[in-house]
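The following paragraphs lead from the overall fold to a single residue. Please keep the sequence and the model in view while reading.

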Amino acid sequence: MATMENFKCMLCGHEYQELVEEGEDKERSCPKCRSNSIRHLKKRASQGDSDDKGKKTE
Ligand SMILES: [Zn+2]
């Protein structure tokens, strides 16, 4: 069974999704700059990354 996984290029910062077969572990390369410094991102339920910015009361 294949699932959509998130990847991020460590070189240019490009994030993309790719279909990954279960148990597959092939080498990947960035679709933008062709670097093979690709990081496999874990899935997140929600995106609350930039929450800190709105915490100032003044
Ligand atoms: Zn890249």
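Two strands are said to pair if DSSP finds at least two bridges between them. Strands themselves are DSSP runs of E with at least two residues, while helices are runs of H or I with at least four residues, and both are numbered from the N terminus. The model is predicted: local features need pLDDT of at least 70, side-chain atom pairs count only at pLDDT 80 or more, and totals for chains, interfaces and linings use all residues. Residue numbering starts from 1 along each chain as its sequence is written.

The protein chain contains three strands and zero helices, giving the pattern β-β-β along the sequence. These three strands form an open antiparallel sheet in the order 2-1-3. Strand 2 and strand 3 are its edge strands, each pairing on one side only. Strand 1 (residues 2–9) pairs with strand 3 in the antiparallel sense over four bridges; K8, for instance, has R39 in strand 3 as its bridge partner.

Burial is judged from C-beta atoms placed from the backbone: a residue is buried with 20 or more others within 10 Å of its own, exposed with 12 or fewer, and partly exposed in between. Buried residues account for 3% of the 58 residues in the protein chain.

C33 lies in the loop between strand 2 (15–21) and strand 3 (38–41). C33 counts as exposed because it has 12 C-beta neighbours inside 10 Å. Leaving aside residues up to four places away in sequence, C33 touches C9, L11 and C12, where contact requires C-beta atoms, placed from the backbone, to lie within 7 Å.

How values were computed. Two residues are in contact if their C-beta atoms, placed from the backbone, lie within 7 Å.
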